[in-house]
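Here is a briefing on one protein chain. Please read it with the sequence and the model side by side.

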Amino acid sequence: MCQWPVDWVFVMTVCGSAYRVIWARPGQAPYRTQHHCWMCSLYPLLQFLSKERDDFEARFTRAQLYGVLREGWKAKGQFQQLLGKEPGHPEVVKELARLYNEDGDPSTAIELLETQLRDHYDKLDLTHINMLADLYINLGHHDNAVKLVNRTEEVFCSQGDLPIDLQVRRGTCYLNM
């Protein structure tokens with residue numbers, strides 16, 4: 001049975017003189033095979049990046065791959081570099097917040113998401129809000145989570161309903177306040 005939560009493996013192939021990125025399912029391989037698959041996909045990516053150092057998507061994929069390989073410190077370093085080059089990039093902020101939270105540093109994850117909310121509001125989506133509300137709840141800051149969800153409902157959901165996951169988080173907070 002597959003022990004990795006990710007379903008797809010990044011594979012880079014050479015087509016003539018150009019590199020092409022494809023994604024392939026590794027199947028139900030055991031951990032050792034699965035880990036070998038990920039390691040094999042890292043080498044061509046590093047080769048590509050030695051030629052195309054500024055390719056944002058390839059650098060982003062490398063950082064994700066380090067996270068999958070459980071080399072969180074490398075992943076965080078790569079994502080921090082990407083955030084320095086493109087401040088407020090929504091996917092980079094999500095990945096960094098996830099990594100910090102997984103490493104037991106939810107306060108840094110909250111700080112990243114609050115900065116995104118404050119400084120890069122135009123690049124914000126409901127996933128950021130959901131992650132931030134979840135972090136607040138996990139730390140027992142239910143009042144902050146309720147304020148965040150209520151404000152989100154006013155701003156993002158003026159035309160429609162608040163997504164059910166945020167409604168549930170708000171309800172959970174009211175129960176625990």
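Over residues 1-34, pLDDT stays under 50, and the model has 61 contacts beyond four places in sequence for this stretch. Where pLDDT is low, the predicted coordinates should not be read in detail. The whole model is predicted. Its protein chain has a mean pLDDT of 78, with 76% of residues at 70 or more.

**Confidence by element**
- Strand 1 (residues 9-15) has the lowest confidence in the protein chain, at a mean of 42.
- Helix 5 has the highest, at 94.

**Overall build**
- The protein chain holds eight helices and two strands.
- Read from the N terminus, the order of elements is β-β-α-α-α-α-α-α-α-α.
- The protein chain has 177 residues, and buried ones make up 38% of them.
- Take the contacts between residues at least 6 apart in sequence: 47% of these join residues at least 24 apart.

**Nonpolar core**
- The largest nonpolar core numbers 32 residues.
- Phe79, Val92 and Leu96 have the most contacts inside this core.
- At least two core residues come from each of helix 2 (56-68), helix 3 (72-85), helix 4 (90-102), helix 5, helix 6, helix 7 (142-155) and helix 8 (164-176).
- Which residues does Leu96 touch, not counting those up to four places away in sequence? They are Lys76, Phe79, Gln80, Leu83 and Leu112.

**Cavity**
- The count comes to one cavity of 30 Å³ or more.
- The largest cavity has a volume of about 30 Å³.
- Two elements give two or more residues to its lining: helix 5 (106-119) and helix 6 (126-138).
- Helix 6 provides the largest share of that lining, three residues.
- Leu113, Leu117, Leu124, His128, Ile129 and Leu132 line the largest cavity.
- By type, the lining residues are five nonpolar, one polar and no charged.

- Val146 lies in helix 7. Is Val146 buried or exposed? Val146 counts as buried because its relative accessible area is 7%, below the 20% cut-off.
- Beyond its neighbours within four places in sequence, Val146 is in contact with Arg170, Cys173, Tyr174 and Met177.
- Val146 and Gly171 are 25 residues apart along the chain, and their C-alpha atoms are separated by 8.6 Å.
- Thr152 also has its place in helix 7. Thr152 is buried too, at 3% relative accessibility.
- Leaving aside neighbours within four places in sequence, Thr152 is in contact with Leu126, Ile129, Cys157, Leu162 and Leu166.
- One of these contacts, Ile129, is also among the residues that line the largest cavity.

**Helix 4: Arg98**
- Arg98 lies in helix 4.
- From C-alpha to C-alpha, Arg98 and Lys76 are 10.0 Å apart in space, and 22 residues apart in sequence.
- Lys76 is also one of the residues that Leu96 touches.

Key:
Residues numbered from 1 in each chain as written. Predicted model: local features only at pLDDT ≥ 70, side-chain atom pairs only at ≥ 80, totals over all residues. Heavy atoms only, no water. 1 Å grid on protein atoms, 1.4 Å probe; cavity = no way out; pocket = protein on both sides within 12 Å on 5 of 7 lines; lining within 4 Å. Points joined across faces, edges and corners; volume = space filled by probe spheres on them. Helix = DSSP H or I, 4+ residues; strand = E, 2+ residues; numbered from the N terminus. Nonpolar A, V, L, I, M, F, W, Y, C, P; charged D, E, K, R; others polar. Core = buried A, V, L, I, M, F, W, Y, C linked by side-chain atoms within 4.5 Å. Buried < 20%, exposed > 50% of the residue type's maximum accessible area, 1.4 Å probe, protein only. Contact = heavy atoms within 4.5 Å. pLDDT = per-residue confidence, 0-100.
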